[in-house]
Amino acid sequence: MTQIEDNQPEIKDTPLVPIEKVVSLSKRRGFVFPNSEIYGGVAGIYDFGPLGVELRNNIKRYWWWSMVQNHDNVVGIDGATITHPRVWEASGHVENFVDRLVDCKKCKRRFRTDHLDPENLEQHKCPVCGGELTSEPRIFNLLMETYLGVVEGDRMKTYLRGEACQNIYLDYDNVVKSSRVQVPFGICQIGKAYRNEVTPGNFLFRQREFEQWDLQFFVHPSEMDKWYEYWKNLRFEWYKGILNHKDRLRFREHASDELAHYAKKAFDVEYQTVLGWQEWEGIHWRQDWDLTRHSEYSGQDLRYTDPLTKERYTPWIVETSGGVDRTFLNLLLDAYEEEPDPNGKEARTVLHLHPWLAPVKVAVLPLQKNKEELVSTAQSIHQNLRRYMVSQYDDVANIGRRYRRQDEIGTPFCVTIDFQTLDDQTVTVRERDGMTQIRLPISELTMYLLDRVTWK
C-alpha cells in the first residue's frame, strides 16, 4: 500500500491557528453550520455544509480504503445506532459512563472535576471568577436515553449508542460464521455515537452527536503483543501521512492510574493545536473483556474454535478508535494558513489540504465569461472532469479573485481556459501551494489530474 505521506511535504514553523479562524471559515465557505441556527442553535451539535460533507466523505473513504480494502483480514460492518438496553449494562456504560461535575455558586458555570486543577478542587474555588464551588460533585450519566414502542407504559427504555464499537462485538459471531474469516482478523465500522455532554465545546472537538471510526482486531492471546504494536505503529503513520505539521503529532501512554480495569496498556495519538495536546485516537489493549461480558449477559457462547488445532478460546482484542469529526477539525487547523502578500495587499488564505482529501479537486475557470468560445470550451472541460472528480465551474469576478476563492477552500488545481486555448487546445493548470503554472493539452488534462488527486 502506498502511504499518503509520500506525497505530502512537511511544513514547519507556522504559528498555531486560532480556532476562531477555522470556525469563521467553516461557516463562510460552507464547511460546517451550527445545528438549528434559526432557532438559536443546539450546543454541541453541528451540520456539515456542501464543502464539509465532501471533505468528511473523502476522509472516511481514505480511512476505509486504508483499513479494510488494503487488508485481506479486515472486514466492515455498519451497525444500528439503537441496540438492546442490556448491551449498555454489559459494556459497563450504565454504571460507569459518567461525568462528575461541580458548579460555581457565583457565576453559575459548571466544571468537570477531572478538568480542574487540584488546587481549585481543594479550595472549592472557581477558576474563572474565584467564586465558591459546590463541595460534593454531582454525577451525570452521558448515555442519551430513548424509548422503543408507541403505547405509554409498554415502551422500553434504551439508549442511543455511547460508542460505535459495541456493534462490532454484537456482530462478531455472525461475521465469523458468514465471512469465513479466521483469527487474527479485524472488523471495522464508521458510525454515529451520542453523548449527553454537560459541557460541550471547542467547536467540533467535543460534541453531543459525532462520528467515530473503530477497528476491533481479534487475536490469539499469545499474539497480543505483536498485533498491538503493529496497529499502534500503523495508525500513527497514517495520521502522520495526512498532516503538514508532522512535528505536532505524538504518542502519550496512559499512566497506570488512568488505565481501564481490563487494559494492560493504552496509547493516545495526540495532536497539538491552540487547545493544547489533545487526544485524536486511542490504541487500546482490551484483552477478552468485551466478548466475555457479552457472553455472560446474553447467554451466547462467543468463544472461537481454531479450525486447525481445535483450540477453543475467547479472542483478545486490539482496538483503534478515533473521531471522524476530530480528524476533520484537526485537518482544518493543520491546513489553514494566511500568507502575507509581498505587495502589501490582502493576505492569501489557503487550506493546504492533501489533494486526496480536498473537497473540490479542480476548478475550471474561463478567462472571461462574456466570450462564448471560452465559456463553451470551459463548460465542456468541466462536464468531462466532473465524471471523475469533484469539479467546480466559476466565472464570477476576475481570475485573481477566483484563484483566491479556490485557495481558501483547499482546491489543489485550477484550470484556466484562455485565448491560447482556442488556438492550440491547451490550458493553464495552476497548483495551489506553490502557485506554479504549466500548460497542458486538453487531451492530457484528465489523466494528469487523476494521477494527483486520487489515492493509489
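Which residue of β22 stands opposite Phe413? The close-ups below give the answer along the way, and they all show a predicted model.

**View 1. The chain by domains.** The chain is divided into domain 1 (19-91 + 145-333), domain 2 (98-141) and domain 3 (360-453). Taken over C-alpha atoms, the centres of domain 1 and domain 2 are separated by 30 Å. Where these two meet, five residues of domain 1 are in contact with seven residues of domain 2.

**View 2. The five-stranded sheet and the pairing of Phe413.** Here is the answer to our opening question: Phe413 stands opposite Glu431 in β22. The two strands involved, β21 (residues 413-417) and β22 (residues 426-431), pair in the antiparallel sense over four bridges. Both belong to an open sheet of five strands with mixed pairing, in the order β20-β19-β21-β22-β23. At its edges are β20 (391-393) and β23 (437-441), each of which pairs on one side only. On average, neighbouring strands of this sheet are turned by 25 degrees against each other, direction ignored. Look next for helix α11 (residues 399-408), which lies across β19 (362-366), β20, β21, β22 and β23 and runs at about 170 degrees to β19.

**View 3. Helices α10 and α13 side by side.** Helix α10 (residues 372-385) packs with helix α13 (residues 442-453) at an angle of about 35 degrees, their axes lying 11 Å apart. The crossing of α10 past α13 is right-handed. On the α10 side, the contact is made by Thr377, Ile381, Asn384 and Leu385, while α13 brings Ile442, Leu445, Thr446 and Leu449. Sorted by class, the contact of α10 with α13 has five nonpolar and three polar residues, and no charged residues.

**View 4. The seven-stranded sheet.** A second open sheet holds seven strands in the order β3-β9-β10-β16-β13-β12-β11, again with mixed pairing. Its edges are β3 (74-76) and β11 (249-253); each has a single partner strand, so one side of each is left without a neighbour in the sheet. From one strand to the next, the twist averages 25 degrees. Strand β10 (residues 209-219) and β16 run antiparallel and are joined by eight bridges, and the bridge partner of Trp213 in β16 is Gly322. Helix α2 packs on the sheet, where it touches β3, β9 (185-194), β10 and β16, and its direction makes about 160 degrees with that of β9. Helix α6 (residues 166-179) also packs on the sheet, touching β3, β9, β10, β13 and β16; the direction of α6 makes about 145 degrees with that of β9.

**View 5. A hairpin and its neighbour.** Moving along the seven-stranded sheet, we come to β12 and β13, which form a hairpin with two residues between them. Strand β12 (residues 266-273) and strand β13 (residues 276-287) pair in the antiparallel sense over eight bridges. Within this pairing, Phe267 stands opposite Ile283 in β13. Strand β13 is also joined to strand β16 (residues 316-323) by six bridges, and the two run antiparallel. There, Gln287 stands opposite Ile317 in β16.

View 6. Helix α2 (residues 50-69) and helix α9 (residues 324-335) pack at an angle of about 110 degrees, with 10 Å between their axes. That is why α2 counts as roughly perpendicular to α9. The crossing of α2 past α9 is right-handed. In this contact, Gly52, Leu55, Arg56, Ile59 and Lys60 of α2 meet Val324, Asp325, Thr327, Phe328, Leu331 and Leu332 of α9. The residues of the contact of α2 with α9 divide into six nonpolar, two polar and three charged.

Helix α1 (residues 19-28) is the other partner shown here: the axes of α1 and α9 come within 10 Å and cross at roughly 105 degrees. This angle makes α1 roughly perpendicular to α9. From α1, Ile19, Val22 and Ser26 meet Leu329, Leu332 and Leu333 in α9. By class, the contact of α1 with α9 has five nonpolar residues, one polar and no charged ones.

**View 7. The surroundings of Glu339.** Glu339 lies in strand β17 (residues 336-339). Leaving aside its neighbours within four places in sequence, Glu339 is in contact with Ala347, Arg348, Val350 and His352. Pro34 is 305 residues away from Glu339 along the chain, and the C-alpha atoms of the two are separated by 28 Å.

Terms used
Residues numbered from 1 in each chain as written. Predicted model: local features only at pLDDT ≥ 70, side-chain atom pairs only at ≥ 80, totals over all residues. Heavy atoms only, no water. Axes fitted to C-alpha atoms, helices over the stretch in contact; angles between N-to-C directions. Left-handed = near helix turned anticlockwise from the far one by under 90°. Contact = heavy atoms within 4.5 Å. Nonpolar A, V, L, I, M, F, W, Y, C, P; charged D, E, K, R; others polar. Pairing = 2+ DSSP bridges. Parallel < 35°, antiparallel > 145°, perpendicular 65-115°, else oblique. Domains from an automatic or database assignment.
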